[in-house]
Amino acid sequence: MAFIEAGAINAALSSSDKPITWFKDFVGVGYRYHDVYMNVFPLFQEKMPAFKLWKKTIDWWPDDRIKLRFVEDGDHYWFILYGGSEYKDDNTGFVKKVPMSENYQRFKAGYEKKAMLRFGIYKENTRPKRKERDGNMKKFDLEILKKSKSVYDIAFLQLSELAPDSIEWQCIQQEMASGQ
């Protein structure tokens, strides 16, 4: 799992006194539309590390302090999620550059000022008996973990409009410098 320590500027801007440590070792972002509120979930390949990461980080975040940002940059967007916990003294955030997709556009158009945050496990199907409805073998399995948080602070931003002192700008600049 890869963590990147944020710079000193983030210490003053983050939701606690501790700088944000950016976690980027997840495979992508998923969306689910069939619940009362839309779900958004970072996708991981393994269940146990994802579950432990949730318990260490997001489980302790107060719902009203979770920030979910989608920063659009051409044909990609940056998924940025952070909240922090004073109780747990953890200030991990999540960041990933993701290609623009129809699912993202659908989420953006219909999220209704609230979304449910969950983790998803997305991995290659290794069991030949798992099949699609049409009888073809499933190539991938998706499992959405039960734990969830309500997110109210959701923003869709443009990279060109970010303030240079914002957490989002600093995070993206740091990621671009590290080669993502």
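Modeller: Start with Cys171. Beyond its neighbours within four places in sequence, Cys171 is in contact with Trp22, Ile80 and Val95. Keep in mind that this is a predicted model.

Colleague: Why is Cys171 called buried?

Modeller: Buried means under 20% relative accessible area. Cys171 has 0%, so it is buried. Cys171 sits in helix H4, residues 167–178. The C-alpha atoms of Cys171 and Ile20 are separated by 9.1 Å, though the two are 151 residues apart along the chain.

Colleague: What is Val40 in contact with, leaving aside its neighbours within four places in sequence?

Modeller: Among them are Val29, Tyr31, Leu68, Phe70, Phe79, Phe107 and Leu117.

Colleague: What makes Asp63 and Lys149 a salt bridge?

Modeller: The cut-off is a side-chain nitrogen within 4 Å of a carboxyl oxygen. Here the closest N and O atoms are 3.6 Å apart, and the pair forms a salt bridge. Asp63 lies in the loop between H2 and S5 and Lys149 in strand S11, so the pair ties together parts that are 86 residues apart in sequence. The structure holds 8 salt bridges.

Colleague: What joins Lys67, Arg69, Asp153 and Glu168 into one network?

Modeller: Take the pairs in turn. Asp153 forms a salt bridge with Lys67, with the closest N and O atoms 3.3 Å apart. Asp153 lies in strand S12 and Lys67 in strand S5, so this pair ties together parts 86 residues apart in sequence. Arg69 forms a salt bridge with Glu168, the closest N and O atoms also being 3.3 Å apart. Arg69 lies in strand S5 and Glu168 in helix H4, so that pair ties together parts 99 residues apart in sequence. Both Arg69 and Glu168 are buried. Salt bridges that share partners join Lys67, Arg69, Asp153 and Glu168 into one network.

Colleague: What makes the phi of Glu112 worth a remark?

Modeller: Most residues other than glycine have a negative phi. Glu112 is not a glycine, yet has a positive phi of about 55°. Lys113 is not a glycine either, and its phi is positive too, near 65°. Glu112 lies in the loop between H3 and S8, and Lys113 lies in that loop as well.

Colleague: How do you know that Glu112 and Lys113 are exposed?

Modeller: Exposed means over 50%. Glu112 has a relative accessible area of 60%, so it is exposed. Lys113 has 63%, so it is exposed as well.

Colleague: Which residues make the nonpolar surface patch?

Modeller: Val27, Tyr122 and Leu142 make a patch of about 250 Å². Tyr122 is found in strand S9.

Key. Residues are numbered from 1 along each chain as its sequence is written. This is a predicted model: local features need pLDDT of at least 70, side-chain atom pairs count only at pLDDT 80 or more; totals for chains, interfaces and linings use all residues. Side-chain values use heavy atoms; hydrogens and water are left out. Contact means heavy atoms within 4.5 Å. Patches are made of residues with over 30% relative accessible area and no salt bridge: like charges are joined within 9 Å, nonpolar side chains (Val, Leu, Ile, Met, Phe, Trp, Tyr) within 5 Å. Accessible areas come from the Shrake-Rupley method with a 1.4 Å probe; for residues, only the protein chains shown count as cover. Helices (H or I, at least four residues) and strands (E, at least two) are DSSP runs, numbered from the N terminus. Buried means under 20% relative accessible area, exposed over 50%, partly exposed in between (1.4 Å probe, protein chains only).
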